[in-house]
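Subject: Structure handover

Hi,

Here is the structure for your set. My notes follow below it.

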Amino acid sequence: MGFLSGLMGGDVGKKQIGAYKTNQGLIDTFRTQGNEIIDTGEQQSAGALDSAIGAYQPWVDAGTGALGTYQDAIGLNGSEGNARATGAFQTGPGYQFAMDQGTQAALRGASAGGMLNSGNTLTALTEFGQGLADQEYGSWLDRLNNLSGQGMQGAGGQAQGYGAKADLYQTGTGNRLGLESEVLGGTMDINNNIAKIQDQQSANKSGFFGKLLGGAVSMGTKALTGGLF
């Protein structure tokens, strides 16, 4: 069979076809390994970006809380919001400490002057409390506003991180398309070359059988005509 195949030209390009099939296996391996490399790089980069985004979260949370209290304080959430803001301000450690210290100082002064239970002392304490509230409330609002601004900056940092993730996925998609394009091109080249070799083999076989048939016809004709033709 091998000898006959050789006579018919069927062995032409046989080694080339074997090499092409080996190359196809290499291309398939390249596709698998390439996708694994892209996936690994994408996952590691996305994990790093997620860590960076998460690092901003405490500032975002604090800023969101401060913004809500600030909106309560300036009346955006009605009387209930104003009551929440007033309660938060009055129970704040800074205000409470200043109030306690000022009240104790006033009471000591009144006690030393024998006026502890006088109306003037009560008036003085009331005026002190009101003055302290007026003085501290504005500063407290400024601190809330500053903290909400830090939260906004944190949210901006997170937005940049999400944008970087979007770019990462877009780049990964481009890399995959590029890889598949290379694989497709290589596979098409292999298929075209194998088809050319197979066409040549078919042509060789047709030529062989044509010559064989032609020779048989010629021999038959000579036999019939006594060798005249």
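Start with the helix pair H3 (residues 57-73) and H4 (residues 78-90): their axes come within 7 Å and cross at roughly 115°. Axes are lines fitted to C-alpha atoms over the stretch in contact, with angles from 0 to 180 degrees between N-to-C directions. Helices are DSSP runs (H or I, at least four residues), numbered from the N terminus. Thr69, Asp72 and Ala73 of H3 meet Gly81, Asn82, Arg84 and Ala85 of H4; contact means heavy atoms within 4.5 Å.

This is a predicted model: local features need pLDDT of at least 70, side-chain atom pairs count only at pLDDT 80 or more, and totals for chains, interfaces and linings use all residues. Residues are numbered from 1 along each chain as its sequence is written, and side-chain values use heavy atoms, without hydrogens and water.

Confidence: pLDDT (the predictor's confidence in each residue, from 0 to 100) averages 77, and 65% of the residues score at least 70. Where pLDDT is low, the predicted coordinates should not be read in detail.

The largest nonpolar core has nine residues, including Tyr20, Ile27 and Ile190. Such a core is a set of buried Ala, Val, Leu, Ile, Met, Phe, Trp, Tyr and Cys residues joined through side-chain atoms within 4.5 Å. H6 gives the most, five residues.

Thr187 also sits in H6 (residues 119-224). Beyond its neighbours within four places in sequence, Thr187 contacts Gln24 and Ile27.

Best wishes

Definitions and conventions
Helix = DSSP H or I, 4+ residues; strand = E, 2+ residues; numbered from the N terminus. Buried < 20%, exposed > 50% of the residue type's maximum accessible area, 1.4 Å probe, protein only.
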